[in-house]
Amino acid sequence: MSATAATTVGAIRRGPRTGVLPYVDVFRLGFVETLAYRSQIWMRLVLVPLTAAFQYYIFAALYASGPEVMGGHRLAEIAGYVALMQTLRTLFANNISIFIGEAIRTGQIATYLLRPLAFPWFAMSYIAGRG
């Protein structure tokens, strides 16, 4: 028996993968499904910076017509806030409630609950992969 075959047999004997590894696979599945919709990815790449620029220019116009400090904040602080919020919104904008609602509506929740994975972690991993 070769070393590769022995490793494969050893992996089969250990049984199902446990711990975090199955959720990494679920994340990868969500990511691959997202890549199928390339127009959505391009729209995000265009719209997120465009939205941030729009917000910045609104605040810049407000600060240009008024005092240098509004509400205890300067324009540079507001610009940092806008950049931070857009970044966090992009990273954490998830549709987990929509995913769970669709699973309940279609009845697919039953198959998810029969899997040997915790459904909350499965849903979070999948949605994180969908980005």
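E33 and R130 form a salt bridge (a side-chain nitrogen of Lys or Arg within 4 Å of a carboxyl oxygen of Asp or Glu), with the closest N and O atoms 3.6 Å apart. E33 belongs to helix 2 and R130 to helix 7, so this pair ties together parts that are 97 residues apart in sequence; helices are DSSP runs of H or I with at least four residues, numbered from the N terminus. The model is predicted, with local features requiring pLDDT of at least 70 and side-chain atom pairs pLDDT 80 or more, while totals for chains, interfaces and linings use all residues. Residues are numbered from 1 along each chain as its sequence is written, and side-chain values use heavy atoms, without hydrogens and water.

The structure holds four salt bridges. Among them, D25 pairs with R28 at 3.0 Å between the closest N and O atoms, and R105 pairs with E102 at 2.8 Å, N to O. D25 and R28 are three residues apart in helix 2 (residues 21–35), about one helical turn. R105 and E102 are likewise separated by about one helical turn, in helix 5.

Nine aromatic pairs were found in the whole structure; ring centres of Phe, Tyr and Trp (its six-membered ring) lie within 6.5 Å, with planes under 30 degrees apart classed as stacked, over 60 as edge-to-face and the rest as tilted. F99 and Y126 form a tilted pair, 5.1 Å centre to centre with 35 degrees between the planes. F99 lies in helix 5 (residues 96–106) and Y126 in helix 7 (residues 119–130), so the pair ties together parts 27 residues apart in sequence. Ring pairs link F99, Y112, F119, F122 and Y126 into a cluster.

Note on methods: Helices (H or I, at least four residues) and strands (E, at least two) are DSSP runs, numbered from the N terminus.
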